[in-house]
Amino acid sequence: MITKKIKIQIKSGLEARPVAVLVQVASQYSSKIYVECEDKKVNAKSIMGMMALGLVSGEEVVVSADGEDEQTAMSEIEKYLSSVQA
């Protein structure tokens, strides 16, 4: 299992479209992937869970991945959340 703090750089924050893309990215991997913000922890493969976090640009989250492809999954999720143009 790996965990990493990631700062959200997406200008619009994680509203509907960016959340849908994040869920698609996370769903490509067999690892269990979670996003934590303050006291909330949700499955990154759940659109409703991710929308409930209401994340905004500049906010820092803790992402955890656990499974055989955890390194690749973490790398791709970090790349997406850190992209300004997403």
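User: What does I2 touch beyond its sequence neighbours?

Analyst: Contact means heavy atoms within 4.5 Å. Leaving aside neighbours within four places in sequence, I2 meets V63, S64, A65, E70, Q71 and M74 on that test. The model is predicted: local features need pLDDT of at least 70, side-chain atom pairs count only at pLDDT 80 or more, and totals for chains, interfaces and linings use all residues. Residues are numbered from 1 along each chain as its sequence is written, and side-chain values use heavy atoms, with hydrogens and water left out.

User: Why is I2 called buried?

Analyst: Buried means under 20% relative accessible area, exposed over 50%, and partly exposed in between (1.4 Å probe, protein chains only). I2 has 18% relative accessibility, so I2 counts as buried. I2 sits in strand β1. Helices (H or I, at least four residues) and strands (E, at least two) are DSSP runs, numbered from the N terminus. The C-alpha atom of I2 is 9.7 Å from that of I33, which is 31 residues away along the chain.

User: What makes one face of α1 the buried one?

Analyst: P18, V19, L22, V23, V25 and A26 are the buried residues of α1. Seen down the axis of α1, they fall within an arc of 160°, so they line one face of the helix. The arc is taken from the directions between the helix axis and the C-beta atoms. The other side of α1 holds the exposed residues A16, R17 and Q24. The packing partners of the buried residues of α1 are β2 (32–37), α2 (47–53) and α3 (70–81).

User: How do you know that α3 also has a buried face?

Analyst: E70, A73, M74, I77, Y80 and L81 are buried in α3. Down the axis of α3 they fall within an arc of 130°, so they line one face. Exposed Q71 and K79 are carried on the face turned away from that side. The buried residues of α3 pack against β1, α1, β2 and β4. The span of α3 agrees too: twelve residues should span 16 Å, and the end C-alpha atoms are 16 Å apart.

User: What makes a set of residues a nonpolar core?

Analyst: Such a core is a set of buried Ala, Val, Leu, Ile, Met, Phe, Trp, Tyr and Cys residues joined through side-chain atoms within 4.5 Å. The largest one has 27 residues, and L14, I33, M50, L55, V61, V63 and L81 touch the most other members. At least two residues of this core come from each of β1 (2–7), α1, β2, α2, β4 (60–66) and α3. L55 touches I8, G13, L14, V35, C37, M50 and V61, not counting residues up to four places away in sequence.

User: Why is the E78 and K4 pair called a salt bridge?

Analyst: A salt bridge needs a side-chain nitrogen of Lys or Arg within 4 Å of a carboxyl oxygen of Asp or Glu. The closest N and O atoms of E78 and K4 are 2.8 Å apart, so the pair qualifies. E78 lies in helix α3 and K4 in strand β1, so the pair ties together parts 74 residues apart in sequence. E78 is partly exposed at 25% relative accessible area. K4 is partly exposed at 35%.

User: How many salt bridges does the structure hold?

Analyst: Two. K79 and E76 form one of them, with their closest N and O atoms 3.2 Å apart. They are three residues apart in α3, and therefore about one helical turn apart. K79 is exposed at 51%, whereas E76 is partly exposed at 26%.

User: How do you know that D69 has no salt bridge?

Analyst: The nearest side chain of opposite charge, K45, is 6.9 Å away. For charge, Lys and Arg count as positive and Asp and Glu as negative; His and the chain ends are not counted. D69 touches Y29, S30 and S31, not counting residues up to four places away in sequence.

User: Why is E38 called exposed?

Analyst: E38 has a relative accessible area of 74%, which is over 50%, so E38 is exposed. E38 lies in the loop between β2 and β3 (40–43). Phi of E38 is near 55°, a positive value in a residue other than glycine.

Notes:
The expected span of a helix is 1.5 Å times one less than its number of residues.
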